[in-house]
Amino acid sequence: MIIAERKSITDIWQMIEPFKRIALIGCRGCVTVCMAGGAKEVAVLAAALRLAAHERGRELVVFEEMVERQCEYEFIRPLQRSYPQEQAVEGLVSLACGIGVQALAECFPHLPVLPGLNTSFLGMPERSGVWVERCHACGQCILDSTGAICPIARCAKNLLNGPCGGSQEGMCEIGNGVECAWHLIYERLARLNRLDSLQSLALPKNWAKDRDGGPRRLIREDWEDEV
Amino acid sequence: MKQQVAVEPISGALNKHKVQPVLVLGAGITADYAAQRLSSAHKIVQIKWGPVADLPLDWLLKQEALEKGRIESSWEKIKAVALLDWSGQVGEYILRIQLENGEVRDLRGKAVVIALDALPVSTLAWGWPGPANSSRPLEETITLSDLTTRLTPVLASSSGRPERDGLSVWAAGHNVGILLGPGGLEAAPNTLLAIKCALVLKQQVDCRVGIFYEELAVGAGAIEALYQESRQAGVEFYRYTEFPQVIEQEAQLRIIYRDPSLPDHFPPWEIPVTLIATATEYYPSKEIETVATLAGLPTGPDGFLLSDTLHAWGGQTNRKGIYCVGMARGLLRLMDLPEEVAGVAVDLGQGSSREKTLLLAQVDPLLCEVCLTCFRVCPHRAIEITDCTKRSSHGKLYKQAAWIHPEACQGCGICIAECPAQAINGADPLQPESKLDPDSGWHFFMLDNGELYQARTREDFSGNQGPVRLVVLACRQSGFLAVQTLTRLLPFYRPQLKLGILAEIAVYPVACAGWIDDLTVLRCLEDGADKVLICSCHSGACQHQYGNHRAKKRLRLTEQYLQEIGLKDRLDFYTLAGQNYLQWLTWLKKIINQLKSH
């Protein structure tokens with residue numbers, strides 16, 4: 001799941017400064033689940049902005065909209081009918097991940113689209129209210145050799161051949177409650193009786209499949225649209 | 001997460017499943033007592049699992065509580081070695097147990113009564129009070145329960161014709177020392193036993209008896225009267241701060257006792273005894289921990305089930321259809337066992353004795369994003385994640401949705417406040433009925449003379465808008481009770497008073513402070529309130545376990561939110577009990593005065 005958090009109201013307030021009529025567009029996908037851009041967050045932000053405008057004697061109309069998944073054109077298109085003209089709203093604030101913001105912008109070429117969230121990482125809730133990073137989307141999964149614990153996403157240095165000297169009693173030296181991924185890998189492999197898999201040296205990773213190779217694109221030819 | 005098939009909403013779940021038995025969990029004295037009592041009206045399956053306490057109920061409970069009722073229904077006993085799983089809801093709970101032969105079996109019951117004994121740990125087992133200089137097992141040291149067993153014939157005879165034969169063999173002329181462990185009120189059953197034994201020994205057998213204690217729990221039950229009687233009869237009481245030692249000298253046991261009221265340089269007393277009886281200590285067993293985890297019941301700081309939950313009376317727990325009686329809540333609860341079991345019997349008979357919930361939360365399956373927030377947060381474990389066929393035809397990514405069991409829901413509304421998808425609905429207390437009645441909130445005016453008046457009708461309220469407007473959201477269990485009391489004391493507002501209105505105050509009841517979220521507060525402010533006041537129960541006194549805590553944490557964030565948009569001092573939180581109406585009034589007046597001066 002994509003984890004995101006709301007930008008500060010001050011930031012959002014500055015972004016919408018030029019506009020008198022805006023719409024907040026939430027997403028029912030990942031950002032609802034991580035409590036950043038669901039129906040509740042949209043309603044709360046809208047109420048807060050209205051209140052702030054009222055306090056400052058500023059004219060501001062805030063509409064609230066929800067999209068099933070903001071990363072799909074089909075789900076956004078019904079919105080185009082709500083805001084067909086430039087006069088309807090002057091700007092859109094997307095409460096989705098960065099993907100949603102861009103998809104929205106592509107569907108509304110005539111409107112400014114602003115991000116209401118900071119997209120944080122790919123992760124999961126460790127416990128109620130705490131989300132942790134689990135995947136880096138590096139494009140070449142090595143979890144088979146590391147006991148299903150990712151050293152790319154969970155080691156601060158992306159190390160491939162064991163921990164560095166900053167691993168202290170299972171914790172990473174960067175602090176913040178981050179566990180040393182390689183400590184976890186060692187413990188898990190020991191439990192599985194598979195420590196021998198650490199004997200083989202991992203060669204330098206092909207980072208071309210990560211972001212370093214430029215924006216990525218995935219094509220399934222059998223599904224690719226003919227038109 | 002357990003996957004469960006959606007059950008049709010049922011009403012009176014307990015009554016509809018009359019054929020199902022009541023499961024009684026426990027192997028000891030608590031379970032036997034509870035099963036015996038409840039079997040007069042219900043089919044009982046007793047799962048014999050867990051420790052057995054060595055305490056004589058006939059010494060601890062009143063005579064009328066011990067009279068055995070007629071067993072009307074069947075009382076099946078199944079010995080289990082492990083409790084593996086606990087699923088289902090009120091009306092049908094399913095307990096998966098392992099039998100002695102390794103077989104795994106699912107037992108179904110309309111309700112479950114947790115009647116586990118606490119784990120007895122004899123002070124003798126610690127190697128104490130064996131004398132430091134002797135390794136032989138001492139015949140002269142017995143447990144308090146053993147002493148009661150030996151004294152039972154004496155006690156029986158004391159009510160009728162005195163019969164002292166049989167006891168002179170071992171007891172006459174003894175010097176008996178009864179050693180109570182450290183601990184106060186929670187050890188009341190041991191205190192009661194000690195005092196009763198001492199009285200019998202003193203009055204019937206003519207022994208010299210001394211009771212050594214750290215804190216004597218005379219506050220509970222009828223111990224106070226017995227304590228006075230025993231003092232008058234000549235039982236000696238020794239209060240210690242340092243646990244007394246026992247030594248053996250010239251084949252004579254001596255209790256080394258240091259009087260805490262004497263200066264340190266005074267030598268300790270040596271009290272010769274011929275018999276020592278020690279109280280058994282009771283601890284929460286690992287079975288209690290297992291039950292707490294599997295059934296989702298909270299434990300108190302002492303490790304016992306629901307030991308610090310104020311609202312769980314008469315055996316009730318945070319989950320409907322699950323009861324907890326006796327020692328599983330701590331040793332002291334053993335004294336309340338008859339009342340608790342009677343409470344369970346009443347609850348089982350009625351379906352539920354609890355007031356009809358004011359707010360029934362319902363999930364809209366098409367809005368639910370299965371984020372599991374409600375599933376995780378529900379203090380009553382009323383929420384299940386179920387398959388929902390309706391969803392697939394609406395282009396939903398997930399086929400499942402949260403579903404709130406209508407019988408298990410206790411209407412706190414915590415899930416409504418937490419749901420990030422706004423998929424859960426409940427009655428909205430901010431949309432009161434058109435007429436002014438207690439259920440839709442109360443309205444007050446503060447006039448220029450600084451006094452508070454009630455608004456008699458809604459028209460009174462809407463026509464007169466004072467300069468200061470307050471919205472009070474008050475928990476029904478605390479703040480609203482306080483306001484309710486105030487309405488009986490405050491005069492009604494009359495336009496003839498010819499005084500200006502300084503402030504208007506609207507008080508709305510909420511099922512629990514946990515229902516209040518940031519959106520509610522913002523909406524109130526949007527509607528023109530100058531300040532929103534939240535009244536909740538005291539910490540640890542929430543009927544829904546942590547509704548007040550959730551509200552407080554959530555609203556601390558809302559306060560930050562408000563500060564970000566430049567609104568300061570627009571939200572306040574007040575914890576109070578239902579009877580604190582005068583404090584509440586003082587607080588309210590203080591806030592209005594603050595707002596006035598702004």
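Modeller: Happy to! Let's begin with B:Cys419, which is buried, at a relative accessible area of 9%. Keep in mind that this is a predicted model. B:Cys419 takes part in no disulfide, because its nearest cysteine sulfur, on B:Cys371, lies 5.9 Å away, whereas the rule asks for two sulfur atoms within 2.5 Å. Counted over all chains, the number of disulfides is zero. Another cysteine of chain B, B:Cys207, also counts as buried, with 2% relative accessibility.

Now to the place where the chains meet. Chain A brings 25 residues to the contact and chain B brings 28 residues. Together the two chains bury about 2400 Å², and carbon and sulfur atoms account for 58% of that area. There are polar links too: eight residue pairs, both partners at pLDDT 80 or more, are in polar contact across the interface of chain A and chain B. On the side of chain A that touches chain B, at least two residues come from each of helix H1 (9-15), helix H2 (30-33) and helix H3 (39-55). H3(A) gives the most, with eleven residues. By type, the residues on this side of chain A are 13 nonpolar, eight charged and four polar.

Three salt bridges are found across the interface of chain A and chain B. In the one between A:Lys40 and B:Asp517, the closest N and O atoms are 3.0 Å apart.

Technical notes:
Residues are numbered from 1 along each chain as its sequence is written. Chains are lettered from A and ligands numbered from 1 in the order in which they are written. This is a predicted model: local features need pLDDT of at least 70, side-chain atom pairs count only at pLDDT 80 or more; totals for chains, interfaces and linings use all residues. Side-chain values use heavy atoms; hydrogens and water are left out. Contact means heavy atoms within 4.5 Å. Buried area is the accessible area (1.4 Å probe) that two parts lose on being put together, summed over both. A salt bridge is a side-chain nitrogen of Lys or Arg within 4 Å of a carboxyl oxygen of Asp or Glu. A polar contact is a pair of N or O atoms within 3.5 Å; within protein, one must be able to donate a hydrogen and the other to accept it, and residues adjacent in sequence count only if both atoms are side-chain atoms. Helices (H or I, at least four residues) and strands (E, at least two) are DSSP runs, numbered from the N terminus. Ala, Val, Leu, Ile, Met, Phe, Trp, Tyr, Cys and Pro count as nonpolar, Asp, Glu, Lys and Arg as charged, and the others, Gly among them, as polar. Buried means under 20% relative accessible area, exposed over 50%, partly exposed in between (1.4 Å probe, protein chains only).
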